[in-house]
Amino acid sequence: MLDQRITDLLNEQVAKEFYSAYLYLAFSDHYEEAGLKGYAHWYEIQAQEERDHALLIRRYLHDAGCTVTLGTLAAPDVQFVDNLAPLQAGYDHELYITASINDIYATAVELHDFRTMQFLDWFVGEQAEEEMNASKLISDMKLFGDSRGLYELDREYSARAYAAPSIMVAP
Ligand code: OFO
């Protein structure tokens with residue numbers, strides 16, 4: 001069993017990860033409707049990854065003998081003024097998720113919950129990667145986002161392949 005504080009924070013994180021998936025699906029819808037199918041695809045894959053993160057935490061809670069409590073998801077705000085806006089919102093969202101993971105980690109340190117610290121190590125690395133990816137999406141669009149460049153970037157993002165998280169055990 002885990003400390004109730006950790007259990008509560010991890011349950012909240014499950015909802016945040018599912019919300020991330022929901023948010024990125026909204027981004028995907030925006031790009032689909034704007035005719036940018038590569039970006040739409042990229043965010044569909046990102047939504048899959050976020051769902052995986054939620055499931056990993058859910059599995060960790062179950063395996064630790066804790067109760068899983070699913071929270072309520074809000075509808076994402078999808079009023080984007082241009083094609084750059086979702087990318088900027090995505091970067092801000094990743095910073096928020098990183099802070100959330102760090103808060104759980106800090107609580108685990110305080111409680112000497114080494115098991116949860118070890119579990120969260122993968123998420124710490126994943127957040128670093130996701131912040132970097134989100135930042136690159138922005139700089140690429142700013143640098144190359146004229147009509148021809150945007151066409152090429154869209155083609156590039158259409159090639160993203162889904163890969164399950166390395167710590168996810170195949171069913
Ligand atoms: Fe769940 O990885 Fe980012 O948000």
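Predicted model: local features only at pLDDT ≥ 70, side-chain atom pairs only at ≥ 80, totals over all residues.

1. Arg-51 and Asp-52 form a salt bridge, with their closest N and O atoms 2.7 Å apart. The term means a side-chain nitrogen of Lys or Arg within 4 Å of a carboxyl oxygen of Asp or Glu.

2. Residues are numbered from 1 along each chain as its sequence is written, and side-chain values use heavy atoms, with hydrogens and water left out.

3. Tyr-162 lies in the segment after α5 (147-157) and is partly exposed, with a relative accessible area of 33%. From Tyr-162 to Asp-63, 99 residues apart along the chain, the C-alpha distance is 26 Å.

4. Asp-63 has a salt bridge of its own, with Arg-59, at 3.2 Å from N to O. Both residues belong to helix α2 (residues 37-63), and because they are 4 residues apart, about one helical turn separates them. An α-helix has 3.6 residues a turn, so residues three or four places apart point the same way. Asp-63 counts as exposed at 53% relative accessibility, and Arg-59 as partly exposed at 41%.

5. Lys-37 pairs with Glu-32 in another salt bridge, where the closest N and O atoms are 2.3 Å apart. Lys-37 is exposed at 54% relative accessibility, while Glu-32 is partly exposed at 34%. How many salt bridges does the structure hold? The count is 7. Side chains of opposite charge can pair when their charged atoms come close.

6. Found in helix α4, Arg-115 touches Leu-2, Tyr-60, Asp-63 and Ala-64, not counting residues up to four places away in sequence. Leu-2 is 113 residues from Arg-115 along the chain, yet their C-alpha atoms are separated by 9.1 Å. Arg-115 is partly exposed, with a relative accessible area of 42%.

7. Helix α4 itself covers residues 114-144, which is 31 residues. From first C-alpha to last, α4 reaches 45 Å, close to the 45 Å expected; that expectation is 1.5 Å times one less than the number of residues. Where is the kink in α4 centred? A kink of about 30° is centred on Leu-120, the bend being the angle between axes fitted to the seven residues ending there and the seven starting there. Further along α4, Ser-139 is partly exposed at 31% relative accessibility. Its C-alpha is 9.8 Å from that of Leu-84, 55 residues away in sequence.

8. Please look at His-112 too, in the loop between α3 (85-110) and α4. Its phi is near 55°, a positive value in a residue other than glycine. Most residues other than glycine have a negative phi, and most peptide bonds are trans. His-112 counts as exposed, at 57% relative accessibility.

9. Now the overall picture. The protein chain has 5 helices and 0 strands, in the order α-α-α-α-α; helices (H or I, at least four residues) and strands (E, at least two) are DSSP runs, numbered from the N terminus. The C-alpha atoms fill a box of roughly 55 × 30 × 25 Å along the principal axes. Of the 171 residues, 44% are buried. Among contacts with a separation of 6 or more, 84% link residues 24 or more positions apart.

Definitions and conventions
Buried < 20%, exposed > 50% of the residue type's maximum accessible area, 1.4 Å probe, protein only. Contact = heavy atoms within 4.5 Å.
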